[in-house]
Amino acid sequence: MKNEKFPYFNVNGDDHQYRILWNLLTISGQNTNTEGLVIKESDPSSENYILEMKFPWKSLGYFNPKADSTFGFDVVILDNDGATREAMVAWFSDSYWSWNNTSYYGTVVLKDSNTDTDLNAVSVKTTFAPLIDGRIEDIWDNIPLYKFEKVITGTLEGENDLSGYYKTCWDEEYFYLLVNVKDNVKSIASVLFDYGWIEDQEGNVVWKMEMKRTKHAGGGLKNRYSDTIINLKKGQYYLRYKTDESNCPDNWDTEPSGNDFYGIKLLYE
């Protein structure tokens, strides 16, 4: 936050890293401070996702933001395509090691309005705070965008493979960030939030729902379904099912599937 850009990452100082896993909204990183942090996402199409965040200045150690203040900054997006880090694309850095070396960062300058700067990027002061809901409101229209164009590891096959931009704005309390990503193979978490399994009478699992054998059930990409035929020997079995709080009417944390069927059903002959 002091814009010093030393060739290391000050984990006990004013350097902060936030690593977000899309579709889970889990946060990890170095020297993170999540107090008051708000993060939301939306899933507008099969090849697009949007992330919005707001950071309290206090959590970043920047207590008195004002026009012409500067700080080091970068945003990096990852392309998985079913693998781990098939490619990484940054706004400013040209090095994979930027995660541990702030000298590779760009510079953001806080401005009262959308004006040109000799520095790398402008964050515009806003009178009306954007609603952090993962959707692009009109308030973002007059704020400059900065594209992810520097491939720092791996290869990409054009902008459909992975591309996007970010925008920022600020007020006296918060720093706001919008990230809009296009990805023709969106990689979701390899975990199931709602799933079932069958146990025999000794408690051994004889069948279970697995991510790789599911299909998209509609709505948010973490909504999954499995329709499977299995053969069981004569005996006693227990059908189990587990769900989290997300598939709950009036309390969705992603787009509902639009399907009337939820839970698990067993048909036998």
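Modeller: A charge sits over a ring if NZ of Lys or CZ of Arg is within 6 Å of the ring centre and within 35 degrees of the ring normal. This is a predicted model, in which local features need pLDDT of at least 70 and side-chain atom pairs count only at pLDDT 80 or more, while totals for chains, interfaces and linings use all residues. Residues are numbered from 1 along each chain as its sequence is written, and side-chain values use heavy atoms, with hydrogens and water left out.

Colleague: What makes the charged end of K54 sit over the ring of Y174?

Modeller: The charged end of K54 is 4.3 Å from the centre of the Y174 ring, and the limit is within 6 Å, so the pair is listed as a charge over a ring. The charged end of K150 likewise sits over the ring of F92, 4.9 Å from its centre.

Colleague: Why is F71 called buried?

Modeller: F71 has a relative accessible area of 2%. Buried means under 20%, exposed over 50% and partly exposed in between, with a 1.4 Å probe and protein chains only, so F71 counts as buried. F71 lies in strand β5, residues 70-73 (strands are DSSP runs of E, at least two residues, numbered from the N terminus).

Colleague: What does F71 touch?

Modeller: Leaving out residues up to four places away in sequence, F71 touches M1, N3, W57, G106, T107, V108, L110 and F175; contact means heavy atoms within 4.5 Å.

Colleague: Which residues have the most contacts inside the largest nonpolar core?

Modeller: They are F55, W57, F71, F73, F148, Y166 and V179, in a core of 41 residues. A nonpolar core is a set of buried Ala, Val, Leu, Ile, Met, Phe, Trp, Tyr and Cys residues joined through side-chain atoms within 4.5 Å. Its largest share, seven residues, comes from β13.

Notes: Helices (H or I, at least four residues) and strands (E, at least two) are DSSP runs, numbered from the N terminus.
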